[in-house]
Amino acid sequence: MTMTLQTIHPVDTTPIVASSGSEDLDPLWRAIVDESRARGNDIHLPISFAYAERLCDAYPDADALVVRVAILLHDTGWARVDESRIISEGFAGDWRTADVRFEHERHGCDIAREVLPPLGFDAEFVGRVTAIIDGHDTRPQSHSIEDSLVRDADRLWRFTPAGIALASGWFRLTPAEYVRRLRAEIVPELLTQAAVEMAEAELSRSEALLKTEQLS
Ligand SMILES: [Fe+2]
Ligand SMILES: [Fe+2]
């Protein structure tokens, strides 16, 4: 059992829909419009990005720009993976180790190397971002605090009603079944105390709103 990373800073567990967005990365969002159309990225990436910003507030030692850029780009590589294989291989059977998982990580690194330099990010920064994107789904261990915050933000969006709606369909589970899986399997994977607090608050709200106890 790994220790979760503690924080002495305040943790914002209010509904993520109440987040006010920052605008400094708007040019980067505009650079990935095409990639945002794949696999619910246009819902997943902004919601996970909002969680990443809250996690950075709770862990000010992390390089927030690296975390924010890495979460924004981490799944763009799905746009270069054949759509039918995403569902057939990416969410069934041994989905965590399916080839498409490695492929979307590699393509995501390529996209980072394509879109970041024209926006003024230097090679050292791009390397720190791709080090997180590469293996974000397939590498068992996090190798930095920035990596850990990206991993947790990548999971936290699923606890919202929007995340439950999209991801339960991908896994062919009812919302009630999916919520049980989140509690049993995803909460224990979280690496930071702040993310655990956010996940539990969001999950309780989603369970009540979606009436998962009554509809199970
Ligand atoms: Fe991914
Ligand atoms: Fe993701």
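Colleague: Is R172 buried or exposed?
Modeller: This is a predicted model, so keep that in mind. R172 counts as exposed, because it has 11 C-beta neighbours inside 10 Å. The cut-off for exposed is 12 or fewer.

Colleague: Where is R172 found?
Modeller: R172 sits in the loop between α9 and α10.

Colleague: And what is the phi of R172?
Modeller: Positive, about 55 degrees, although R172 is not a glycine. Most residues other than glycine have a negative phi.

Colleague: What about the phi of K211?
Modeller: K211 is a residue other than glycine, and its phi is positive too, near 50 degrees. K211 lies in the segment after α11.

Colleague: Buried or exposed, K211?
Modeller: Exposed, with 11 other C-beta atoms within 10 Å of K211.

Colleague: Let's move to the core. Which residues of the largest nonpolar core touch the most other members?
Modeller: Y51, A52, L55 and A70 do, in a core of 46 residues.

Colleague: Which elements give two or more residues to this core?
Modeller: α3 (41-58), α4 (64-73), α6 (99-115), α7 (123-133), α8 (145-156), α9 (161-170), α10 (175-186) and α11 (193-210). The largest share, nine residues, comes from α3. In soluble globular proteins, nonpolar side chains tend to be buried together.

Colleague: Pick out A52. What does A52 touch?
Modeller: Leaving out residues up to four places away in sequence, A52 touches V67, R68, I71, L149, V150 and A153.

Colleague: At what angle do α4 and α8 pack?
Modeller: About 40 degrees, with the axes 9 Å apart. α4 and α8 are therefore oblique to each other. Their crossing is right-handed.

Colleague: Which residues make that contact?
Modeller: From α4, V66, V67, A70 and I71. From α8, E146, L149, V150, A153 and D154. A70 is also one of the core residues that touch the most other members.

Colleague: Now α7. Which of its residues are buried?
Modeller: V129, T130, I132 and I133. Seen down the axis of α7, they fall within an arc of 155 degrees, so they line one face of the helix.

Colleague: What is exposed on the other side of α7?
Modeller: A123, E124 and G127.

Colleague: What do the buried residues of α7 pack against?
Modeller: They pack against α4, α6 and α8.

Colleague: Take α6, then. How do α6 and α7 cross?
Modeller: At roughly 165 degrees, and the axes come within 9 Å. α6 and α7 are therefore roughly antiparallel to each other. α6 passes α7 in a right-handed crossing.

Colleague: Who makes the contact there?
Modeller: E105, G108, C109, A112 and R113 on the α6 side. On the α7 side, V126, V129, T130 and I133.

Colleague: What comes just after α7?
Modeller: G135 does, with a positive phi of about 90 degrees.

Colleague: How far is G135 from R106?
Modeller: Their C-alpha atoms are separated by 8.5 Å, although R106 and G135 are 29 residues apart along the chain. R106 lies in helix α6. R106 counts as partly exposed, because it has 15 C-beta neighbours inside 10 Å.

Colleague: Last pair. How do α10 and α11 cross?
Modeller: Their axes come within 11 Å and cross at roughly 165 degrees. That makes α10 roughly antiparallel to α11. α10 passes α11 in a left-handed crossing.

Colleague: And which residues make the contact?
Modeller: P175, V179, L182 and R183 of α10 meet L203, S206, E207 and L210 of α11.

Definitions and conventions:
Residues numbered from 1 in each chain as written. Chains lettered and ligands numbered in written order. Predicted model: local features only at pLDDT ≥ 70, side-chain atom pairs only at ≥ 80, totals over all residues. Core = buried A, V, L, I, M, F, W, Y, C linked by C-beta atoms within 7 Å. Buried ≥ 20, exposed ≤ 12 C-beta atoms within 10 Å, placed from the backbone. Helix = DSSP H or I, 4+ residues; strand = E, 2+ residues; numbered from the N terminus. Contact = placed C-beta atoms within 7 Å. Arc of directions from axis to C-beta. Axes fitted to C-alpha atoms, helices over the stretch in contact; angles between N-to-C directions. Parallel < 35°, antiparallel > 145°, perpendicular 65-115°, else oblique. Left-handed = near helix turned anticlockwise from the far one by under 90°.
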